[in-house]
Amino acid sequence: KYNAGHILNCGISEDGKWLVIGFSQGSSGRNEMFVKDLTGAGPIQPVITGIDAHFDAEIHGDKVYALTDWKAPNGRGLVMDLKKPAQDQWKELLPE
């Protein structure tokens, strides 16, 4: 449910392939990310949702690189493949 404290933003990846939709809940740090492949007719896909953590994410090619405090109070780096964005497919790139 959206309210005045929520922030919604969107943009296009540098290569023009991905529409990126971001949603954050004010200053709480919790944010979500959805993408749509602009080269096809597929649906908007959730990438980061329902996690009580902050993610600072960037798309390069078909990968999302994210710095997060999820399960890591001091931060860590994750990589997510947009062809398989399910959370159980995320890989840790930089440990805490």
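## Strands, pairings and a pocket

Strands β6 and β7 pair in the antiparallel sense over six bridges. Strands here are DSSP runs of E with at least two residues, numbered from the N terminus. Two strands pair if DSSP finds at least two bridges between them. This is a predicted model: local features need pLDDT of at least 70, side-chain atom pairs count only at pLDDT 80 or more, and totals for chains, interfaces and linings use all residues. Residues are numbered from 1 along each chain as its sequence is written, and side-chain values use heavy atoms, with hydrogens and water left out.

**Around β7**

T68 stands opposite R76 in β7. β7 also pairs with β8 (residues 91-94), again antiparallel, over three bridges. There, G77 stands opposite L94 in β8. Five of the six residues of β7 are buried, so β7 is largely enclosed by the rest of the structure. Buried means under 20% relative accessible area, exposed over 50%, and partly exposed in between (1.4 Å probe, protein chains only).

The loop between β6 (63-68) and β7 (76-81) holds K71. K71 is exposed, at 65% relative accessible area. K71 is not a glycine, yet its phi is positive, about 60°.

**The open sheet**

Four strands form an open sheet in the order β1-β2-β3-β4, with antiparallel pairing. β1 (7-12) and β4 (45-48) stand at the edges with a single partner strand each, so one side of each has no neighbour in the sheet. From one strand to the next, the twist averages 25°. Angles run from 0 to 180 degrees between N-to-C directions, on axes that are lines fitted to C-alpha atoms. Within the sheet, β2 and β3 are joined by seven bridges. G22 has M33 in β3 as its bridge partner.

| Strand pair | Sense | Bridges |
|---|---|---|
| β2 and β3 | antiparallel | seven bridges |
| β6 and β7 | antiparallel | six bridges |
| β7 and β8 | antiparallel | three bridges |

**The largest pocket**

The largest pocket has a volume of about 370 Å³. A pocket is an open set of points on a 1 Å grid over the protein atoms alone, where a 1.4 Å probe fits, with protein on both sides within 12 Å along at least five of seven lines; lining residues have an atom within 4 Å of a point. The volume is the space filled by probe spheres set on the points.

Of its 19 lining residues, N9, V20, M33, A57 and E58 are the closest to the centre. β5 gives the largest share of the lining, five residues.
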